[in-house]
Amino acid sequence: MARLAFWHLARTVLAVWALASAVFLLSYRDQDAAAQLALPDASEASAASASVGASGAGQRSRQLAAVRQRLGLDLPLFYVSRAAGPDQQWHWNGPANQYHRWVTNLLHGNLGTSFRTGQAVATRLRAALACTLPLTGTAAVLAVLAAVVLGQRLAARPWWHRPMRTALTAVHGLPLFVVALALLLLFANPDVFAWFPAYGFAPHADGVAADLGSYLTHLALPVLALVLTALPELTLQLEAALTQELRTDYATTARAKGLAEGAVIRHHALRNALLPTITQLAALLPALVAGAVVVEVIFALPGMGRLLADAAAARDYPVLVGGVLLTGAARLLALLLADLLYLWADPRIRWQS
Amino acid sequence: MAILTLSTLPLSRKLALAWLALLVLVAALAPVLPLAYAPSTPDLAHIAQAPFGPSRHWLGTDPQGRDVLSVLIFGTRTAVLLTLPAAGLSALLGALTGGAAGFWGNSLRLEASYWLMAAGIIWWAVALPLPEAGLVGAGLGIALALAARGGHRTLPTWPVPMETVVMGTATTIDTIPRLVLVVAMAAGTGISTMGLLVLLTLTAWAHPARLVRAQMLRVRALPFIEACRAAGLPGGRIWLRHAMPLAIQPLRTAFPLSVAGLLGLESTLSFLGIGLPPDVASWGRLLGTIREEPAAWWIFTFPAILLITTILSLNKLSREPR
């Protein structure tokens, strides 16, 4: 089991590295645009160059070159590059290239500095995580708890079994941003119900406890949106697994000795039916990070997702690559968690190893 | 026959099919429909106007003065032209790679002459120093292959790690949620529709590849494949003619779901303002403008109804009839 988990993790580390490298190397096509956007007072400078004419244009190109050097964009991108000339020969750049510098910094624990603000990427990611982790963490815990409760109830076939299933299936297909927008327009709209604030979330420097009530009302709708999109898949899967377990012989035996259906589910079938749900958990954590992109943009929360979306719009590549690495780390964590939970849920796995 | 099967379908599936056919028809006819207003030219005299008003904007206008009806119709065109080809291409790519990985695993062995040929062609294609050396290598490979075939000699063979490569790439793509990956790759606005299509295809093929590979692992153990081998058919022919038609069965139910997923992804991207350039009409972008004018219910309601109906119809289609 330990060896299996180790290979699992090793493969994922390799995959995360490959993806981050791909995103890093693909960013070459827009490096000029990134430098332009990082230029101080880009709009003013362009207005000035338009008025002064040729000398302004020369000054602007000097500024651009300075920005490129400051951001490290003047180096070649990779170890080898192809000359732009007609012969298109390959030539070797040596270790003085952007990729080498990025990997070396990464191995020293340095994620680089943001193009836009000049802050360290790690600082920005940490600030964003402080907002996102409570959001996604609460949503994940609530979704799993609600799915376990609801799945048990559904497996006992109450009268609301069919309408509930239909509703879950319908919600399952909806894109998250439609759900979140509908919630926003229904419950944070002065024209309908103004129960929750629509925006204005400001994290406090001295921790979240400064104003717990306001914090909770700001997080209520985003968490609800995330739970609503994560819940149907988890519940339907768990219900299907439970239904299958309840048809087995040991469930019949439990019923024959006089246990109520609820007790059969709770004490006998549930733990066996949890295995596929644990597998889903490994996909749930990274998915919640992705869901945070949409939810944070809609509810104006200053978290990971907003950071990623803004960085994508502004071509802030160090932040983007950092975000990809962090999402990969969430995936690693989820895999580790899932492997541990397998051991808890099914001791046979421990014996086999 | 087709009419017969159509008439025996349950009503809900018929409705779903009819709705999707209508969408495709609208998408195809969008440029010739007699619309009062073009989707990308704003009517600045009527901004955020309610539907069924005095002007000729039947479904109202958005805060930039664009006609909602024509944005919806051209948004349908964008959605159909983007998601259907992306789903089709990713299904094709996934079926080919997953089918090959499942059928041969890592055990396909190629003779040294073919390896030489491939290496020579790659050398020449990426223009490593002395590209002519690559061509010479490829020629040598062809000559060796012909000589071996004529003289019935056996060359050394090396295995192709097909399954490792395909499944490794699929795992790599699946590590990070598709939305984060596409957002990171399509950084900035102004990627063309074609570029987005390629990006969606490259991030969506892993799922069909897994499905087809899993089915192929079952199919290749069936007796009729053994019979084909006993009859002396070449491996490639067994794969394409006999094994693949069975192995791609799971894609029949996965394809509508894949279209629905891509539709959701495309509208999410447009909603975030990432990916397609701003002048391309899209349901997601129209939905996004509600944030500028929260009282304008018609901007949210009409595209949301279209999107939800389409996704539910696709989900309905993907469920196997009992």
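1. How many of the 14 residues of helix 9 of chain B are buried? In this predicted model, 11 of the 14 are buried, and the helix is mostly covered. A residue is termed buried if 20 or more other C-beta atoms lie within 10 Å of its own, exposed if 12 or fewer do, and partly exposed in between, with C-beta atoms placed from the backbone. Helices (H or I, at least four residues) and strands (E, at least two) are DSSP runs numbered from the N terminus.

2. Conventions. Residues are numbered from 1 along each chain as its sequence is written, while chains are lettered from A and ligands numbered from 1 in the order in which they are written. As the model is a predicted one, local features need pLDDT of at least 70 and side-chain atom pairs count only at pLDDT 80 or more, whereas totals for chains, interfaces and linings use all residues.

3. Confidence. The model scores are ipTM 0.81 and pTM 0.84. For chain B the average pLDDT (the predictor's confidence in each residue, from 0 to 100) is 84, and 96% of the residues score at least 70. Where pLDDT is low, the predicted coordinates should not be read in detail.

4. Helix 9 of chain B. The end C-alpha atoms of this helix (residues 206-219) are 20 Å apart, in agreement with the 20 Å that its 14 residues should span at 1.5 Å a residue; the expected span is 1.5 Å times one less than the number of residues. Its buried residues include B:His207, B:Arg210, B:Arg213 and B:Gln215. The buried residues pack against helix 3 (68-104), helix 6 (162-174), helix 8 (193-204), helix 10 (223-230), helix 11 (235-247) and helix 12 (250-272) of chain B. Contact here requires C-beta atoms, placed from the backbone, within 7 Å.

5. Chain B overall. The chain has 14 helices and two strands. Its radius of gyration, taken over C-alpha atoms, is 26 Å, whereas a compact globule of 322 residues would have one near 20 Å; the globule rule is 2.2 Å times the number of residues to the power 0.38. The C-alpha trace spans about 85 × 55 × 35 Å along its principal axes. Buried residues account for 41% of the chain's 322 residues.

6. The interface. In all, 34 residues of chain B are in contact with 40 residues of chain A. On the side of chain B that touches chain A, helix 14 of chain B gives the most, with seven residues. The residues of that side comprise 24 nonpolar, 10 polar and no charged, where Ala, Val, Leu, Ile, Met, Phe, Trp, Tyr, Cys and Pro count as nonpolar, Asp, Glu, Lys and Arg as charged, and the others, Gly among them, as polar.

7. A:Leu320. Leaving out residues up to four places away in sequence, A:Leu320 touches A:Val23, A:Leu308, A:Ala311 and A:Ala312, together with B:Ala184 and B:Ala187.

8. A:Val319. Where does A:Val319 lie? A:Val319 is placed in helix 13 (residues 317-345) of chain A. A:Val319 is buried, because 27 other C-beta atoms lie within 10 Å. Although A:Val319 and A:Ser114 are 205 residues apart in sequence, their C-alpha atoms are 5.9 Å apart in space. Beyond neighbours within four places in sequence, A:Val319 is in contact with A:Ser114, A:Val121, A:Arg124, A:Leu307 and A:Ala311.

Key. Two residues are in contact if their C-beta atoms, placed from the backbone, lie within 7 Å.
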